[in-house]
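Please find below a colleague's note on the structure shown here. The points are numbered and may be read beside the sequence and the model.

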Amino acid sequence: ILDVEYEDGRHDIIRTPNPDIPDDERDPDAASRIVQEGELLRWLRANSTLPVPAICAVIHDSGPEGRSIVVMEKVTGRMVLNCIGRALPSVKVGTCTILCYIS
């Protein structure tokens with residue numbers, strides 16, 4: 001994950017599978033999973049009122065290297081997945097139900 005800052009002060013996030021992982025240890029689905037996550041975020045932004053970052057680009061390389069990239073705007077706040085571990089059990093159940101329903 002890279003945080004890119006442009007001359008105008010705007011930030012974007014670039015996500016791609018870790019290229020430093022040896023081929024024999026790499027998750028074969030990592031490239032397609034990143035593309036699916038990007039498309040899911042596009043769908044959520046268009047069809048919900050959740051604060052979802054805009055997806056600027058989804059680039060999928062289906063070649064042997066499988067270097068897929070998602071470029072999205074950087075939003076303020078904390079990601080649910082990064083802080084759900086400290087949440088109350090009732091919050092976790094509700095959030096997991098929503099995430100499972102969406103997927």
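This is a predicted model: local features need pLDDT of at least 70, side-chain atom pairs count only at pLDDT 80 or more; totals for chains, interfaces and linings use all residues.

1. Among the contacts in the protein with a separation of 6 or more, 37% are accounted for by residues 24 or more positions apart.

2. The average pLDDT of the protein is 77, and 68% of the residues score at least 70. Over residues 97-103 the pLDDT stays under 50, and for this stretch the model has four contacts beyond four places in sequence.

3. Three helices and four strands are present in the protein. Read from the N terminus on, the elements follow the order β-β-α-β-β-α-α.

4. In what order do the four strands lie in the open sheet? The order is S1-S2-S4-S3, with antiparallel pairing. Strand S1 (2-5) and strand S3 (55-59) are the edge strands, each pairing on one side only. On average, neighbouring strands of this sheet are turned by 20° against each other, direction ignored. As a general point, strands of a sheet pair through backbone hydrogen bonds, either parallel or antiparallel.

5. Strand S4 (residues 69-73) is joined to strand S2 (residues 11-15) by four bridges, and the two run antiparallel. Within this pair, Arg15 stands opposite Val70, and Ile14 has Val71 as its bridge partner in S4. S4 also pairs with S3 in the antiparallel sense, over four bridges; here Ala57 stands opposite Val71.

6. His11 lies in strand S2. Its relative accessibility is 27%, so His11 counts as partly exposed. Apart from its neighbours within four places in sequence, His11 is in contact with Asp3, Val4, Glu5, Tyr6, Glu73 and Lys74.

7. Helix H1 (residues 30-47) lies across S2, S3 and S4 and runs at about 150° to S3. Is the length of H1 what its 18 residues should span, or what else do its end C-alpha atoms show? At 1.5 Å a residue, the 18 residues should span 26 Å, and the end C-alpha atoms are 25 Å apart, which agrees.

8. Which residues of H1 are buried? They are Ala30, Ala31, Ile34, Val35, Gly38 and Leu44. Arg33 also lies in helix H1, but Arg33 counts as partly exposed because its relative accessibility is 36%. Arg33 and Thr16 are 17 residues apart in sequence, and their C-alpha atoms are 9.9 Å apart in space.

9. The largest nonpolar core has five residues in all: Ile13, Ile34, Ile55, Val70 and Met72. Of these, Ile34 is among the buried residues of H1. Ile13 touches Ile1, Leu2, Asp3, Val70, Val71, Met72 and Lys74, not counting residues up to four places away in sequence. In soluble globular proteins, nonpolar side chains tend to be buried together. Of the 103 residues of the protein as a whole, 19% count as buried.

Methods: Residues are numbered from 1 along each chain as its sequence is written. Side-chain values use heavy atoms; hydrogens and water are left out. pLDDT is the predictor's confidence in each residue, from 0 to 100. Contact means heavy atoms within 4.5 Å. Two strands pair if DSSP finds at least two bridges between them. Axes are lines fitted to C-alpha atoms, for helices over the stretch in contact, and angles run from 0 to 180 degrees between N-to-C directions. A nonpolar core is a set of buried Ala, Val, Leu, Ile, Met, Phe, Trp, Tyr and Cys residues joined through side-chain atoms within 4.5 Å. Buried means under 20% relative accessible area, exposed over 50%, partly exposed in between (1.4 Å probe, protein chains only). The expected span of a helix is 1.5 Å times one less than its number of residues.
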